[in-house]
Amino acid sequence: MEDKFDLILSAINDLKEGQARIEKRLDSIDSKLAGIPESYENLETFVGKQQRIIDELSARSVEHGVEIKTLNNVVRNQ
């Protein structure tokens with residue numbers, strides 16, 4: 001009878017330990033999920049800045065292309 005009781009106690013302890021591990025993992029997942037919105041906002045800000053830089057560089061490239069064509073026309077017409 002005592003062996004059965006010890007077996008039951010052992011099984012209960014194993015379940016408690018397993019539950020504790022699961023709860024620890026869930027807490028870790030929760031904390032990671034909580035950081036996602038902030039990370040996403042930071043990423044959006046970064047991408048927005050990069051897009052503005054790309055737009056500015058594209059505009060300069062077009063502007064420089066027009067200037068090069070104008071200079072080529074001036075050189076050819078001399």
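Ile-22, Leu-26, Ile-29, Leu-33, Ile-36 and Tyr-40 make up a nonpolar patch on the surface. The model is predicted. Leu-26 sits in helix α1, which covers residues 2-76. Is Leu-26 buried, partly exposed or exposed? Its relative accessibility is 46%, so Leu-26 counts as partly exposed.

Now look at the overall fold. The box around the C-alpha atoms tells its own story. Along the principal axes, that box comes to roughly 115 × 20 × 5 Å.

Next, consider the surface. Buried residues account for 1% of the 78 residues. The chain exposes about 7600 Å². Carbon and sulfur atoms supply 59% of that area.

Then come the charges. There are 11 positive and 15 negative side chains. The centres of these two sets lie 8 Å apart. How many salt bridges does a search of the whole structure find? It finds one. The partners are Arg-60 and Glu-56, and their closest N and O atoms are 2.5 Å apart. Both residues belong to helix α1. They are four residues apart there, so about one helical turn separates them. Arg-60 is partly exposed, with a relative accessible area of 42%. Glu-56 is partly exposed too, at 44% relative accessibility.

Technical notes. Residues numbered from 1 in each chain as written. Predicted model: local features only at pLDDT ≥ 70, side-chain atom pairs only at ≥ 80, totals over all residues. Heavy atoms only, no water. Patch = residues over 30% accessible without salt bridge, like charges linked within 9 Å, V, L, I, M, F, W, Y side chains within 5 Å. Areas by Shrake-Rupley, 256 points an atom, 1.4 Å probe, with all protein chains shown as cover. Salt bridge = Lys/Arg side-chain N within 4 Å of Asp/Glu carboxyl O. Helix = DSSP H or I, 4+ residues; strand = E, 2+ residues; numbered from the N terminus. Buried < 20%, exposed > 50% of the residue type's maximum accessible area, 1.4 Å probe, protein only. Lys, Arg positive; Asp, Glu negative; His and termini not counted. Charge placed at Lys NZ, Arg CZ, Asp CG, Glu CD.
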